[in-house]
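Here is a short briefing on the structure shown below. Points are grouped by topic for quick reading.

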Amino acid sequence: MTGSTGSTAVEITGLKKSFGDLEVLRDIDLVVQRGEVVCIIGPSGSGKSTMLRCVNLLEEPTGGKIVVEGVELTDPDVDIDAARRRIGMVFQSFNLFSHLRVLDNLTIAQRKVLKRGKAEAEEVALRNLERVGLLDKAHALPGQLSGGQQQRVAIARALSMDPEVMLFDEPTSALDPELVGDVLAVMRQLADEGMTMLVVTHEMQFAREVADKVLFMDGGYVVEQGPAERVIGDPQHERTKTFLARVLNPNHLGTDA
Amino acid sequence: MALSKRKRAQVFRGAQYGLLVLVVLVVALVADWGEIKRAFFNLDIAASMFPGVITIALKNTIVYTALGFGFGLALGLVLALMKLSSVAPYRWIATIYIEFFRGVPALLVFIALSFGVPLAFQLQFDIYSTVMLALGIVGAAYMAETIRAGLQAVPKGQVEAARSLGMSQGRAMISIVIPQAFRIVLPPLTNELILLTKDSSLIYIIGLARDQYELTKFGRETLSRSPSLTPILVVGLCYLIITLPLGYLSRYLERRTGGKKVSSPESTGLGVSA
Ligand SMILES: Nc1ncnc2c1ncn2[C@@H]1O[C@H](COP(=O)(O)OP(=O)(O)OP(=O)(O)O)[C@@H](O)[C@H]1O
Ligand SMILES: [Mg+2]
């Protein structure tokens, strides 16, 4: 199951996912190269989160194949906990461990999963907190932080496991507008450092500037994918155009009839 | 004459105060205060109970309760996890256990362990084991439901975050869900501790040596020598030494956790696949 996959980080083939009778993902294909940033856009309910969650098996696919860094996750015999260690996930609602201080949020999985010693785990944690600009919050409880700070801690927590791929599910959607910038700056920096990233987002500006590839999803299909300037700047499909018109120009809902 | 609603409420309240004053007056006039003082507040009898009532009885009540609570908590946690298991027979066993032991008197369990088991199995528990098992077996049935609700009240996202960091289901349970659940269920568990403190008195059915007496037995034994209600009052007050602070603690913890409700099955943190 481990093969030489060259520079491919994530390969999704014929991915299907249903919840009961509801077909959420009908047939998804996607190849992400190492170091690529892929932004996934699309209307609410189009299956963006579900697809992202399939990539670390928080949702079990109904069909198809997912290979991450040479390991086929859809193989029934795969060690899923081992595979997930290499895939970082950042949630819309942060999901920091509310009973643990920031530093412990960053060290607990390093210690219990990677079996790192206390000193090493804390060193890694502090380095990542510095990366997201929150070194001074190491001893705070999550509840004492703003949403933007919590999300940056969540990113640092994922980074502390030294992931090869990072998944972001609308990381800024739950934030007050003035806090969005800090989180996007951290993600931009991460992209510059060469992290492979799959980002579900409604931040078109970010997608335009940072994404190597943009995916437009609707109704469980990838309707359109390609370079950001093409998919966002010059969409070919009618549904993409409609969606972008609404997102980029939310005051004119004329086409939404 | 039609009274306004407010006027009527005033008259009604006045009548209640009047009745109260009347009853107090009657009791104060009729009661034989000397008799009452002798019956309840006999200082000689009270003094004769010290220091044993503290050094033996109160201490044993605390020890018995702690043993029962500790065992009950561990068993209750296991039962709660069984109730949430994806393996149906575990859920059935836990349900049957919980329904059974919540439905029978605790005294019956004490009798079973102190008289039934020795007769049936030629197996004699010592006093500490008997108390620990009996209180624990009954307490676990109540605590299991509380803990289950607490486990389910931990938001689903916490488990997802733990799993996505590579933690196994069990590790996420131990490191993330259980610690958070215990914060949520601390107030109801404190109440359970109060109930067990009182139930520890049921051990009286066993023949106890004097240094094994707990509060109720101690009071009853003093009573047999001193025909007065004073011993009962003294041990009663000793129970309050334990239960009142626990009650305050429980309410304090409840306020601190913001009275977080522990019964939303939707938010179960336990259904992550794989
Ligand atoms: N656990 C689940 N059980 C049943 N249906 C689900 C579940 N998760 C998602 N769905 C359904 O799947 C569809 C796609 O959901 P998904 O969350 O992937 O959409 P999305 O594109 O991320 O939308 P949004 O932009 O609102 O986050 C929706 O109709 C949703 O109701
Ligand atoms: Mg979503």
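Helices and strands here are DSSP runs, numbered from the N terminus; a helix (H or I) needs at least four residues, a strand (E) at least two. By that numbering, A:Lys115 sits in the loop between helix 3 (102-112) and helix 4 (118-131) of chain A. The model is predicted.

**Ligand 1 and its shell**

- The shell around ligand 1 includes A:Pro43, A:Ser44, A:Gly45, A:Ser46, A:Gly47, A:Lys48, A:Ser49 and A:Thr50.
- A:Phe19, A:Leu22, A:Val24 and A:Glu170 also belong to the residues around ligand 1.
- By type, the shell splits into four nonpolar, six polar and two charged residues.
- Strand 2 (22-33) and helix 1 (48-55) of chain A each give at least two residues to the shell.
- Helix 1 of chain A provides the largest share, three residues.
- The side chain of A:Ser44 places an N or O atom 2.6 Å from an oxygen atom of ligand 1.
- A:Lys48 has a polar side-chain atom 2.7 Å from an oxygen atom of the ligand.
- A:Gly45 uses its backbone: an N or O atom there is 2.8 Å from an oxygen atom of ligand 1.
- On its own, ligand 1 has 630 Å² of accessible area, and the protein covers 61% of that.

**Salt bridges**

- Over all chains, the count is 19 salt bridges.
- A:Arg53 and A:Glu59 pair through their side chains, 3.0 Å from N to O.
- A:Arg53 has 11% relative accessibility, so it counts as buried.
- A:Glu59 is buried too, at 14% relative accessible area.
- In chain B, the side chains of B:Glu160 and B:Lys156 form a salt bridge at 3.4 Å, N to O.
- Both B:Glu160 and B:Lys156 belong to helix 8 (residues 156-164) of chain B, four residues apart, or about one turn of the helix.
- B:Glu160 is buried at 7% relative accessible area, whereas B:Lys156 is partly exposed at 36%.
- A:Arg53, A:Glu59, B:Lys156 and B:Glu160 are joined into one network by salt bridges that share partners.

**A link between two loops of chain A**

- A:Arg116 and A:Asp162 form a salt bridge, with their closest N and O atoms 2.6 Å apart.
- This pair links distant parts of the chain, 46 residues apart: A:Arg116 is in the loop between helix 3 and helix 4, and A:Asp162 is in the loop between helix 5 and strand 7.
- A:Arg116 has a relative accessible area of 14%, so it is buried.
- A:Asp162 is partly exposed, at 46% relative accessibility.

**Backbone features**

- A:Asp162 has a positive phi, near 50°, and is not a glycine.
- A:Lys115 also has a positive phi, about 60°, without being a glycine.
- At 63% relative accessibility, A:Lys115 counts as exposed, because the cut-off for exposed is over 50%.
- B:Phe50 and B:Pro51 are joined by a cis peptide bond, with omega about 0°.
- B:Pro51 is in the loop between helix 3 (43-49) and helix 4 (52-83) of chain B.

**A nonpolar patch on chain B**

- B:Leu19, B:Leu22, B:Val23, B:Val26, B:Val27, B:Leu29 and B:Val30 make a nonpolar surface patch of about 710 Å².
- One of these residues, B:Val27, lies in helix 1 (residues 5-30) of chain B.
- B:Val27 has 48% relative accessible area, so it is partly exposed.

Notes
Residues are numbered from 1 along each chain as its sequence is written. Chains are lettered from A and ligands numbered from 1 in the order in which they are written. This is a predicted model: local features need pLDDT of at least 70, side-chain atom pairs count only at pLDDT 80 or more; totals for chains, interfaces and linings use all residues. Side-chain values use heavy atoms; hydrogens and water are left out. Patches are made of residues with over 30% relative accessible area and no salt bridge: like charges are joined within 9 Å, nonpolar side chains (Val, Leu, Ile, Met, Phe, Trp, Tyr) within 5 Å. Accessible areas come from the Shrake-Rupley method with a 1.4 Å probe; for residues, only the protein chains shown count as cover. A salt bridge is a side-chain nitrogen of Lys or Arg within 4 Å of a carboxyl oxygen of Asp or Glu. Buried means under 20% relative accessible area, exposed over 50%, partly exposed in between (1.4 Å probe, protein chains only). A residue is near a molecule or strand if one of its heavy atoms lies within 4 Å of it. A polar contact is a pair of N or O atoms within 3.5 Å; within protein, one must be able to donate a hydrogen and the other to accept it, and residues adjacent in sequence count only if both atoms are side-chain atoms. Ala, Val, Leu, Ile, Met, Phe, Trp, Tyr, Cys and Pro count as nonpolar, Asp, Glu, Lys and Arg as charged, and the others, Gly among them, as polar.
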